[in-house]
Amino acid sequence: MSQNQFIHEWRQVDSLAGIGQAQTALDIVTRIYDQTKAANQADQFVKASVYRMKLESDFDEDYFENSIARTQLDIQSAQPPVKQILHSIVAELYWRNFQNNRWQILSRSETSGFVNDDIKTWDLKKLVTASMENYALSLENKDLLKNTSLSAFDEILIKQKDSQKFRPTLFDFLAHRAIDFYT
């Protein structure tokens with residue numbers, strides 16, 4: 001049911017984003033995000049979270065930092081397996097932040113001895129460590145992940161031919177995301 005509940009809204013979002021009205025589309029996505037979070041609709045909630053990040057990247061200069069902070073808050077209240085998916089997303093955000101700002105980050109020296117919550121000042125070691133920790137957390141509760149069919153999250157996946165055969169469970173999907181990072 002949750003897969004069909006927001007069809008009209010998602011079409012509106014895609015249409016608005018396609019004509020460059022990211023902020024208007026973001027208003028709709030925020031409503032979907034709030035409703036699905038309250039109703040515990042995992043697939044639609046994760047889809048709204050990802051769409052929100054994508055739309056904010058169109059106009060928000062600090063979207064990496066804001067997306068990481070918001071997702072970290074969502075992780076605190078999320079239940080498995082959504083919690084593991086969000087950890088995987090945060091890990092990827094940390095790594096993409098490094099890739100997009102490599103020239104700045106590589107020129108930073110390592111800092112120690114104080115609490116550093118500002119990702120804009122992190123060095124390579126801290127970003128890689130944060131990514132590794134989140135990928136490890138994304139694979140916690142293996143039994144649940146191995147028993148969760150990936151088809152439960154079809155709304156957020158781009159499928160390829162026979163992909164279901166090679167990655168049938170959520171554990172397989174999240175493990176391959178982690179392996180991609182480590183390679």
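Helix axes are lines fitted to C-alpha atoms over the stretch in contact, and the angles between them run from 0 to 180 degrees between N-to-C directions. Helices themselves (H or I, at least four residues) are DSSP runs, numbered from the N terminus. This is a predicted model, in which local features need pLDDT of at least 70 and side-chain atom pairs count only at pLDDT 80 or more, while totals for chains, interfaces and linings use all residues. Residues are numbered from 1 along each chain as its sequence is written, and side-chain values use heavy atoms, with hydrogens and water left out.

**Helix packing**

Angles under 35 degrees count as roughly parallel, over 145 as roughly antiparallel, 65 to 115 as roughly perpendicular and the rest as oblique. A crossing is left-handed if the near helix is turned anticlockwise from the far one by less than a right angle, and right-handed if clockwise.

| Helix pair | Angle | Axis separation |
|---|---|---|
| H4 and H6 | about 15 degrees | 11 Å |
| H2 and H3 | about 155 degrees | 8 Å |
| H2 and H4 | roughly 10 degrees | within 13 Å |

Helix H4 covers residues 42–57 and helix H6 residues 82–100. With the angle given above, H4 and H6 are roughly parallel to each other, and their crossing is right-handed. Contact here means heavy atoms within 4.5 Å. On the H4 side the contact is made by Ala 42, Phe 45, Val 46, Val 50 and Met 53, and on the H6 side by Val 82, Ile 85, Leu 86, Ile 89 and Leu 93. For residue classes, Ala, Val, Leu, Ile, Met, Phe, Trp, Tyr, Cys and Pro count as nonpolar, Asp, Glu, Lys and Arg as charged, and the others, Gly among them, as polar. The contact of H4 with H6 holds 10 nonpolar residues, no polar and no charged ones.

H2 and H3 are roughly antiparallel to each other, with a left-handed crossing. Glu 9, Trp 10, Gln 12, Val 13, Leu 16 and Ala 17 of H2 meet Thr 24, Ala 25, Ile 28, Val 29 and Ile 32 of H3. By class, this contact has 8 nonpolar, 2 polar and 1 charged residues.

H2 and H4 are roughly parallel to each other, and H2 passes H4 in a left-handed crossing. From H2, Trp 10, Val 13, Asp 14 and Ala 17 meet Gln 44, Lys 47, Ala 48, Tyr 51 and Leu 55 from H4. The residues of this contact divide into 6 nonpolar, 1 polar and 2 charged.

**Aromatic pairs**

A pair of aromatic rings is described by the distance of the centres and the angle of the planes. Rings of Phe, Tyr and Trp (its six-membered ring) pair if their centres lie within 6.5 Å; planes under 30 degrees apart count as stacked, over 60 as edge-to-face and the rest as tilted. The count by this rule is 8 aromatic pairs. One of them joins Trp 10 and Tyr 51 in a tilted arrangement, at 4.7 Å centre to centre and with 50 degrees between the planes. This pair links distant parts of the chain, since Trp 10 lies in helix H2 (residues 7–18) and Tyr 51 in helix H4, 41 residues apart. For accessibility, buried means under 20% relative accessible area, exposed over 50%, and partly exposed in between (1.4 Å probe, protein chains only). Trp 10 counts as buried because its relative accessibility is 5%, whereas Tyr 51, at 22%, counts as partly exposed. Separately, Trp 95, Phe 98, Tyr 135, Phe 181 and Tyr 182 form one aromatic cluster.

Asp 74 lies in helix H5 (residues 63–77). Asp 74 is buried, with a relative accessible area of 5%. Apart from its neighbours within four places in sequence, Asp 74 is in contact with Tyr 33, Lys 37, Phe 45, Ser 49 and Leu 86. Phe 45 and Leu 86 also take part in the contact between H4 and H6.

**Loop residues**

The peptide bond from Pro 80 to Pro 81 is cis, with omega near 5 degrees, and Pro 81 is placed in the loop between H5 and H6. Asn 40, although not a glycine, has a positive phi of about 60 degrees. Asn 40 sits in the loop between helix H3 (22–39) and H4, and is exposed, with a relative accessible area of 59%. Asn 141, also a residue other than glycine, has a positive phi near 65 degrees. The loop between helix H8 (124–138) and helix H9 (142–146) holds Asn 141, which counts as partly exposed at 40% relative accessibility.

Technical notes:
Helices (H or I, at least four residues) and strands (E, at least two) are DSSP runs, numbered from the N terminus.
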